[in-house]
Every structure is written in structure tokens, then in C-alpha cells.
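Trainee: I am new to this structure. Please take one part and go through it closely.

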Amino acid sequence: SVWFPTNLLPNEHLSWNAIDDNRSELRFHFNALQLSYIVTFSASGEITELQTWRYMTKTRMEIWIVRPSKYKRMNGIRIPTQAEVMWRLAKMDYPYARFNVRQLEHEVASTF
């Protein structure tokens, strides 16, 4: 959703609760699905980290982290153009994916 930030606007399924000056809890619920993230912001309001518990295997949950960075304006919307995804394991953070966004289209009218 950091690439489509209107997805993060509060609504009947999504709410934000401040933790401190730089962090908020993001909660999403829909039917039986419930998700909760700790979201960290820079001084300028950019999301710098999203953290949640996620299943790493069918039975094992670990902390899962996304670190968006290098914000740029695309199609009039300021979004991160890079992101690193990692597991926080007992002995280290284990990065396993990196994303580089070169182009992004918003509001494209098409059928699925």
C-alpha cells in the first residue's frame, strides 16, 4: 500500500493509533481477517518501516519488516521507489527481497 497511499486512509476497515511522535499502529480488519502493523515515520512524514508478525512457516511466526526508501513523486503522488523486505530472526535481520520502482500507474481504467 505504500505505492498506493490512498489505501492507507482511515475507513471502516482501517484505523491508525499513535504510539509516539514517530510511530503509529495500523490496524486492518475485514470479516475474520485482522492485521496490525507498527509503522515508523520520518520527520517529514514518510513511512520508513512497517513491522508485523507474520507466518514464516505454517506454524512459526516471526517479525516481518518492510523498509521503504528513496521517495520520489510519480504521477503527482510521492511514493518510495525502493523497499527492502526482511525477517527479524533471533540472531539477525534476514533480508530476502529488494524492490526498485521505475514506473507506476495510478487510476488506470481497465477490467480485471
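Mentor: Phenylalanine 30 belongs to strand β2, residues 23–30; strands here are DSSP runs of E with at least two residues, numbered from the N terminus. This is a predicted model, in which local features need pLDDT of at least 70, side-chain atom pairs count only at pLDDT 80 or more, and totals for chains, interfaces and linings use all residues. Residues are numbered from 1 along each chain as its sequence is written, and side-chain values use heavy atoms, with hydrogens and water left out.

Strand β1 (residues 14–18) runs antiparallel to β2 and is joined to β2 by 5 bridges; two strands pair if DSSP finds at least two bridges between them. Together β1 and β2 make a hairpin, with 4 residues between them. Across the pair, leucine 14 stands opposite phenylalanine 28.

Arginine 23 forms a salt bridge with aspartate 20, and the closest N and O atoms are 2.9 Å apart. A salt bridge here is a side-chain nitrogen of Lys or Arg within 4 Å of a carboxyl oxygen of Asp or Glu. Arginine 23 is partly exposed, at 32% relative accessibility, and aspartate 20 is partly exposed at 37%. Partly exposed lies between buried, under 20% relative accessible area, and exposed, over 50% (1.4 Å probe, protein chains only).

Phenylalanine 30 is also partly exposed, with a relative accessible area of 43%. Phe30, Leu33 and Leu35 form a nonpolar surface patch with about 260 Å² of accessible area together. Patches take residues with over 30% relative accessible area and no salt bridge, joining like charges within 9 Å and nonpolar side chains (Val, Leu, Ile, Met, Phe, Trp, Tyr) within 5 Å. Accessible areas come from the Shrake-Rupley method with a 1.4 Å probe, and for residues only the protein chains shown count as cover.
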